[in-house]
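Today I opened a new notebook page for this chain.

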Amino acid sequence: MAIELPTAPQIREIPAALTATVTEAETDGNGHMNVLHYLDRNSQAVDVLVREAGVDERYRHDRRLGLFTAEHHLSYYGELREGDSFSVHARVLDRSDKAVHMMTFLLDRERDRLSNTLEIVLVHVDLEQRRSTPLPRDIASAFDGFLARLSALDWNAPICGAMRIRR
């Protein structure tokens, strides 16, 4: 069964977390953006949303809490080459009391198509105990706000099927 990918207009319904251009330093011997940079750029977009939710340096320092990546899955649909402009759009898919399931969509702005996705599960942790712990009410509420804002999207994220929030 083929995965139905979102179109560029559908992806643009999600605010861009970042916009950039592929640099020469980000390309590899095959002449396209290297996998490390796809992961980095998508992770930067996740970080933008996580910070908007309130999980930043101050949060980690003052509350001694943070988010750890538990799983991630990268998928590629079209290459990016040096000089290509792109944007990354981050979407919260689900959350539980201790975890957040997100997906980012790297949009090739030159060809107006999806280039790559990152599906990721983050677990909220106590940085002293190094164990999972429930999200505080304010942080959970912020993630719920992200879910509510995009609840009207009429398309499903192309998830890998192996990752989810475990309840």
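I began with Arg 63 and Asp 138, whose side chains meet in a salt bridge at 2.6 Å, N to O (a salt bridge is a side-chain nitrogen of Lys or Arg within 4 Å of a carboxyl oxygen of Asp or Glu). Arg 63 sits in helix 3 (residues 57–63) and Asp 138 in helix 4 (residues 137–149), so the pair ties together parts that are 75 residues apart in sequence. I took helices (H or I, at least four residues) and strands (E, at least two) as DSSP runs, numbered from the N terminus.

A note on the source: this is a predicted model, where local features need pLDDT of at least 70 and side-chain atom pairs pLDDT 80 or more, while totals for chains, interfaces and linings use all residues. Residues are numbered from 1 along each chain as its sequence is written, and side-chain values use heavy atoms, without hydrogens and water.

Next I looked up Arg 12 and Asp 112, and found a salt bridge with the closest N and O atoms 2.5 Å apart. Arg 12 is in the loop between helix 1 (8–11) and strand 1 (16–21), Asp 112 in the loop between strand 4 (99–108) and strand 5 (113–126), so this pair links parts 100 residues apart in sequence.

Asp 47 and Arg 51 also form a salt bridge (2.7 Å, N to O). Both lie in helix 2 (residues 35–52), four residues apart, about one turn of the helix.
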